Amino acid sequence: MTTLVSADSIRDELRTHLAAILYCEIEEIDDDATFAELGLDSVLGVELVSLLNTKYGLEEMLDTVYAHPTVNELSTYVSSQVAALGATAK
């Protein structure tokens with residue numbers, strides 16, 4: 001059975017992982033704040049992209065984080081990429 005991954009579930013996943021790598025509470029992650037405003041640097045950005053690639057079967061690069069610089073924008077983008085691949089979360 002194939003299930004599509006929604007932007008909402010990806011958003012929740014992003015918030016959880018951002019809170020972990022930024023050492024803050026999930027509630028402190030503003031979905032519309034830029035990753036730079038949240039304190040994400042390029043090293044942590046690579047970690048985030050790696051997680052997304054592994055979790056959703058993507059092959060994104062760090063520039064994806066800069067092109068979609070908020071949780072809302074990145075979750076929408078990742079959802080569209082997953083849908084295009086017909087992939088499911090592992």
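**Ground rules.** I number residues from 1 along each chain as its sequence is written, and I use side-chain heavy atoms, leaving out hydrogens and water. As the model is predicted, local features need pLDDT of at least 70 and side-chain atom pairs count only at pLDDT 80 or more, while totals for chains, interfaces and linings use all residues.

**Count.** I looked for salt bridges (a side-chain nitrogen of Lys or Arg within 4 Å of a carboxyl oxygen of Asp or Glu). The count came to 3 salt bridges.

**R11 and D8.** I found this pair joined at 2.5 Å, N to O. Both residues lie in helix α1 (residues 7–21), 3 residues apart, so about one helical turn separates them. I take helices (H or I, at least four residues) and strands (E, at least two) as DSSP runs, numbered from the N terminus. For accessibility I call a residue buried under 20% relative accessible area, exposed over 50%, and partly exposed in between (1.4 Å probe, protein chains only). R11 has 16% relative accessibility and therefore counts as buried. D8 has 48%, so I list D8 as partly exposed.

**E13 and K55.** I noted a salt bridge between these side chains at 3.9 Å, N to O. The pair links distant parts of the chain, with E13 in helix α1 and K55 in helix α3 (residues 42–56), 42 residues apart. K55 counts as partly exposed because its relative accessibility is 24%.

**D31 and R15.** I found these side chains in a salt bridge at 2.8 Å, N to O. D31 sits in the loop between α1 and α2 (35–38), R15 sits in helix α1, and 16 residues separate them. I recorded both D31 and R15 as buried.
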